[in-house]
Amino acid sequence: MTTKSTTQAPFAPGHTPVTVITTCYGRNRHLYNLLSSLTNGSIQPDEVIIVNDDADPNRLAEYDLNIVQIATTADIPADSHVDVSTKSAFDIGHNRNLGAARATHDVLIFLDVDCIVAPTFIEQLKLKVQQHPQALLMGQPRYLTRPLSDEESVQLRDDKLSVSHLNALSVYNPYRDNFDNKVSNPADTNQTAIKQTQDYGAFWSLCFAITRQQFDRIGGFDTQYTGYGAEDTDFAFTARQLNIDFYLTADVVYHQQHSVYRPPLNHLDSIVINANRFYHKWQCWPMSGWLSPFAEMGLIHWQAEQIFPIESVRQPTCNEIEEAHCPDAPYV
């Protein structure tokens with residue numbers, strides 16, 4: 001369903017020929033903040049595809065964006081060889097592929113629904129894709145330390161929430177490769193920083209850009225992963241296998257705070273399934289930072305050197321899940 005559409009050709013004034021793709025369910029407060037930030041950017045994407053069933057079309061129509069809404073319940077193709085019995089009700093890889101298939105433009109920018117883009121994010125990242133059309137490019141996340149208040153969301157919608165306020169409210173993940181603050185906020189005539197890396201394991205699909213041609217060459221996201229975990233790294237490893245360059249950029253998104261689990265016991269089953277799938281493809285284990293505590297807790301049989309599939313031993317108790325819950329943590 002298209003909630004609003006531009007009529008100018010090839011795209012509206014103040015817009016750039018970019019398709020932004022996001023996917024969510026039940027996270028509409030985050031979605032509306034994302035749309036506010038896209039609306040008030042230095043330049044707007046010409047198309048925003050939302051793979052989402054439950055956002056209010058009337059609310060979406062309030063944003064001065066060309067929004068296309070696709071149902072998350074779209075059928076998995078019969079020839080996809082996916083075991084539907086293993087799929088979760090919300091399959092992020094499948095939904096991203098749906099969005100890419102419907103995209104009008106060649107430059108695709110994928111954003112998780114809990115992103116808020118910095119004002120120059122779309123403009124700067126699109127320029128870098130034009131300079132490196134054969135590459136995979138990832139933005140720079142900062143993590144809000146608390147949810148935005150209702151007042152702050154209104155300020156964001158009205159273009160009155162400053163970057164300095166968002167910077168003061170956010171932190172970098174110290175376990176990731178981060179750019180210096182001074183290269184992440186360009187003057188009007190400058191370009192944010194970019195650097196190539198061979199660490200494809202650093203890729204995270206929270207905020208990345210790629211051309212349609214390279215996305216199709218990779219084959220999109222492997223839909224045999226289920227639920228949560230490893231589909232990002234699999235996508236990047238396929239890019240590496242195809243000799244697609246990988247760049248990190250200093251183009252900032254602010255990750256909206258929500259509760260997490262350390263370790264993510266709430267995703268134990270899908271992490272085990274996906275880790276086994278990943279090892280079968282790549283002969284190395286992903287998500288070792290999560291598998292190790294699972295093994296230490298006696299939830300799974302796993303060692304970093306093993307060459308056979310992970311076996312589940314037991315489910316976490318309610319107390320263990322409660323103890324792992326971090327309601328105020330900015331990142332996992």
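Me: What does I300 touch, and what makes these count as contacts?
Reply: I300 touches L268, V272, L291, F294, A295, I310, E311, S312 and V313, leaving aside residues up to four places away in sequence. Contact means heavy atoms within 4.5 Å. This is a predicted model, in which local features need pLDDT of at least 70 and side-chain atom pairs count only at pLDDT 80 or more, while totals for chains, interfaces and linings use all residues. Residues are numbered from 1 along each chain as its sequence is written, and side-chain values use heavy atoms, with hydrogens and water left out.

Me: Which residues touch the most other members of the largest nonpolar core, and what makes a set of residues a nonpolar core?
Reply: That core has 47 residues, and L136, F235, L291 and I300 touch the most other members. Helix α9 (residues 268-282) gives the largest share, seven residues. A nonpolar core is a set of buried Ala, Val, Leu, Ile, Met, Phe, Trp, Tyr and Cys residues joined through side-chain atoms within 4.5 Å. A second, separate core of 32 residues includes Y32, V48, L111 and V129.

Me: Why is the pair R277 and D222 called a salt bridge?
Reply: The closest N and O atoms of R277 and D222 are 2.6 Å apart. The rule asks for a side-chain nitrogen of Lys or Arg within 4 Å of a carboxyl oxygen of Asp or Glu, so the pair qualifies. R277 lies in helix α9 and D222 in the loop between α7 (212-218) and α8 (231-241), so the pair ties together parts that are 55 residues apart in sequence. Helices (H or I, at least four residues) and strands (E, at least two) are DSSP runs, numbered from the N terminus. D222, D234, R277 and K281 are linked in a network of salt bridges.

Me: Is D222 buried or exposed, and how do you know?
Reply: D222 has a relative accessible area of 14%. Buried means under 20%, exposed over 50% and partly exposed in between (1.4 Å probe, protein chains only), so D222 is buried. R277, at 21%, is partly exposed.

Me: What makes K195 and D177 a salt bridge, and where do they lie?
Reply: Their closest N and O atoms are 3.0 Å apart, so K195 and D177 meet the salt-bridge rule. K195 lies in strand β8 (residues 194-196), and D177 in the loop between β7 (170-171) and β8.

Me: Why is E62 called exposed?
Reply: E62 has a relative accessible area of 56%, which is over the cut-off for exposed. E62 forms a salt bridge with R59.
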